[in-house]
There are 2 protein chains.
Amino acid sequence: MVCRVCGKRYPVSPINFCTDDFGPLEVDYHYEEVQKVLRREVIARRSWNMWRYRELLPLDGEPTVGHAVGGTPLLKAQRLGEALGVRHLWIKNDAVNFPTLSFKDRVVAVALSKAREFGMATVGCASTGNLANSVAAQAAAAGLETFILVPADLERTKILGTAVYGAKVIGLKGTYDEVNRVCTQIALKYGWGFVNVNLRPFYAEGSKTMGYEIAEELGWRFPQHVVCPMAGGALIGKIYKAFSELHQLGLVETPLTTRMYGAQASGCNPISECVKSGRERHKPIRKPNTICKSLAIGDPADGYFAARLIRQTGGWAEDVTDEEIVDGMLLLARTEGIFAETAGGVTVAVARKLIEQGRIPRDEDIVLCITGNGLKTQDAVFDAIETPAVIAPTLAAFEEYAGLRAPAPSTVPALV
Amino acid sequence: MVCRVCGKRYPVSPINFCTDDFGPLEVDYHYEEVQKVLRREVIARRSWNMWRYRELLPLDGEPTVGHAVGGTPLLKAQRLGEALGVRHLWIKNDAVNFPTLSFKDRVVAVALSKAREFGMATVGCASTGNLANSVAAQAAAAGLETFILVPADLERTKILGTAVYGAKVIGLKGTYDEVNRVCTQIALKYGWGFVNVNLRPFYAEGSKTMGYEIAEELGWRFPQHVVCPMAGGALIGKIYKAFSELHQLGLVETPLTTRMYGAQASGCNPISECVKSGRERHKPIRKPNTICKSLAIGDPADGYFAARLIRQTGGWAEDVTDEEIVDGMLLLARTEGIFAETAGGVTVAVARKLIEQGRIPRDEDIVLCITGNGLKTQDAVFDAIETPAVIAPTLAAFEEYAGLRAPAPSTVPALV
């Protein structure tokens, strides 16, 4: 493990920051060894899930948690592409990830497999959303004891998708910052595995598999443009790291010239504001105010690295209003049949904005990263959905409703 | 196409019943031709989704709808197996199916691809649940106009997962029987594709892919026991048909001796009652009364065939109360990290009952079919979920809550 700020090296252990400068630690690999093993034909013979790239994940042995995670579809989005006026649009759809329908299943599978390697029997996290769902589900499957810490004012409906797995959900009468601090204290004192605290370096590596899959699904090549939602700012960096590794290992032979684009909600846009203003470091947002709760991190841990990456690759960042988010969700659902959570609406709406601005060209390969499922944020679109028509239960009433009183035009001969 | 009652043959067209005896029509195949093409190594080279078995699906050309459907995980359920006291338990998990998280995505992908081959531009169904979600989503992706007919008294929250895709949802002031009759009239008069009416013979074939995948994921062999939820009764028959075809084609060489078990809710148990009572034909249930709405079909179209199959294979059927359904959902979530809809609770609870009755032995391969996602039926478990503890936002408060006032036992050395 290596400090991302000063480069100091550490042995593999459950720590997440450099003791010299508190910089974040990252996992390093022996790429020469990996290169000897990991060839395209080896990967092709393995099951279609995230572990087909296991040599590039930070486990000593075989994974013991989340065997079936990943392997989500990369879809050619013809109809959405037409709506946005672009020719080669793709959607990487983690809204159907196993087991809890978000890209967090990838990071949690790595974190909990690593927790087991460390001999931990108790795990947890501070989260109210996708992360909590995934930790609870995968820890249940692994037989690990689980504590999920949340602010005490959270609605009960929001914890159902976590508590259903038997995780102990505890409400703390304080802010999210306070909740996070208690998690860190527990992790340090008891050596429990908090996936986004002391397991964070391993956890974050799981995100890379989204990048490996995109490249493999494109036929071992890189897209020219990737639009990625940003909360803490880690995912966008890990997808790019995945591409870099594939290039370094010779698995993709073309040069890596992919431009990375970050998407945020205007109500919590520290990273996109940083990119757009030309600032080197983001300004924290004190009071996030957006329907997209899953991206509402005011002071993103990887904000600096995300903004730097976006600039270095020649990409850009944008943010969108709540109204644009809902429009983005509906556009995705109605052109591609994909019901994404609010973060998906952010990604689609930001992509539209960047295309209209001319920042993303219309004739190159564009991948949109959809990271979670709309069934988890149904409230966001509830008011935007049309009220059903109500008619009598007869064919005549339906014909009147549908304007079919004259014989309908049809290319199929009627059967009677 | 061939009548399942009299065997009369029909050319391929959008009809679903025999004009002589009104028996249901089923698709037939030229198995000698299929056998020449469809070998294990050919299948292995194809993408991991339902279309890898495309020669056994009733399309003339390539699929044009639902390219990424299927390919869901078959999981070794170690912890649930221990809880049920069996050694080799597997879960086929269609709760993460693409795009709408149920096995209906399989049948709809075939039905709508066939609708396009018939030149239909308008499709629909009568459904309030998984089927409506899937038709709306996949028709949106295909650019087909969609009408979803539902009883007018349906809550608005129930149609969100359908209307979000832009389908026209129409409430009919009548019973489900009346809604279905209007669908049939529209399909006949206008030649529109109603997936479970005039497209039914094609639609139903999509279910077979769940069976192909189970056998392939087991390493091209059959499980000894399959427990399958029953609504209309088609799925259980199609899984068995899939096994029969694999055997006939030589893709699985061992004899087919799988026993099929049907699972229903006690509040709507026409098929399980038929099996248990030894009756040849089921008695319709007038007023279904169960939390498991997705299985609550009082007069199942394939009830006769399902009951006959269960008897012929040496299986059995059972039904479970609402309380047992909730227990089954929680047991599955807490042992395997899978949040299934109420039908999944039915399947788990029935499996437990059949194991306790000694009807399913404890040392053979058992597959449970999980057909939909728990996020769609959250109300069912809401009251069964524990209320979170509420504490002060301090380490000391957490330690008191968790009984950790003495130093915690841990196999991992504390870091400070």
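**Ring pairs and a helix crossing**

Start with helix H16 of chain A, residues 395-401: A:Phe398 and A:Tyr401 both sit in it, three residues apart, about one turn of the helix. Please keep in mind that this is a predicted model.

A search of the whole structure gives 26 aromatic pairs over all chains. A:Phe398 and A:Tyr401 make one of them, a tilted pair with 6.1 Å centre to centre and 45° between the planes. The tilted label applies because stacked needs planes under 30 degrees apart and edge-to-face needs over 60. A:Tyr401, at 31%, counts as partly exposed.

Now a pair in chain B. B:Phe147 and B:Trp192 are stacked, with 5.1 Å centre to centre and 10° between the planes. Where do these two residues lie? B:Phe147 is in strand S6 of chain B, residues 145-151, while B:Trp192 is in the loop between helix H7 (176-190) and strand S8 (193-194), so the pair ties together parts that are 45 residues apart in sequence. B:Phe147 has a relative accessible area of 3% and is therefore buried. B:Trp192 is buried as well, at 8%.

B:Phe147 also has a charge over its ring: the charged end of B:Lys168 sits there, 5.5 Å from the ring centre. In chain A, A:Lys76 lies over the face of A:Trp90, and the distance to the ring centre is 5.4 Å.

Ring pairs link A:Phe147, A:Tyr190 and A:Trp192 with B:Phe398 and B:Tyr401.

That leaves the helices. Two packed helices are described by the angle between their axes and the distance between the axes. In chain A, helix H13 (residues 322-336) packs with helix H14 (residues 342-356) at an angle of about 95°, the axes being 7 Å apart. H13(A) and H14(A) therefore count as roughly perpendicular to each other. Which residues make the contact? From H13(A) they are A:Glu324, A:Ile325, A:Asp327, A:Gly328, A:Met329, A:Leu331 and A:Leu332. From H14(A) they are A:Thr342, A:Gly345, A:Val346, A:Val348, A:Ala349, A:Arg352 and A:Lys353. By type, the residues of this contact between H13(A) and H14(A) are seven nonpolar, three polar and four charged.

That is the end of my part.

Conventions:
Residues are numbered from 1 along each chain as its sequence is written. Chains are lettered from A and ligands numbered from 1 in the order in which they are written. This is a predicted model: local features need pLDDT of at least 70, side-chain atom pairs count only at pLDDT 80 or more; totals for chains, interfaces and linings use all residues. Side-chain values use heavy atoms; hydrogens and water are left out. Rings of Phe, Tyr and Trp (its six-membered ring) pair if their centres lie within 6.5 Å; planes under 30 degrees apart count as stacked, over 60 as edge-to-face and the rest as tilted. Helices (H or I, at least four residues) and strands (E, at least two) are DSSP runs, numbered from the N terminus. Buried means under 20% relative accessible area, exposed over 50%, partly exposed in between (1.4 Å probe, protein chains only). A charge sits over a ring if NZ of Lys or CZ of Arg is within 6 Å of the ring centre and within 35 degrees of the ring normal. Axes are lines fitted to C-alpha atoms, for helices over the stretch in contact, and angles run from 0 to 180 degrees between N-to-C directions. Angles under 35 degrees count as roughly parallel, over 145 as roughly antiparallel, 65 to 115 as roughly perpendicular and the rest as oblique. Contact means heavy atoms within 4.5 Å. Ala, Val, Leu, Ile, Met, Phe, Trp, Tyr, Cys and Pro count as nonpolar, Asp, Glu, Lys and Arg as charged, and the others, Gly among them, as polar.
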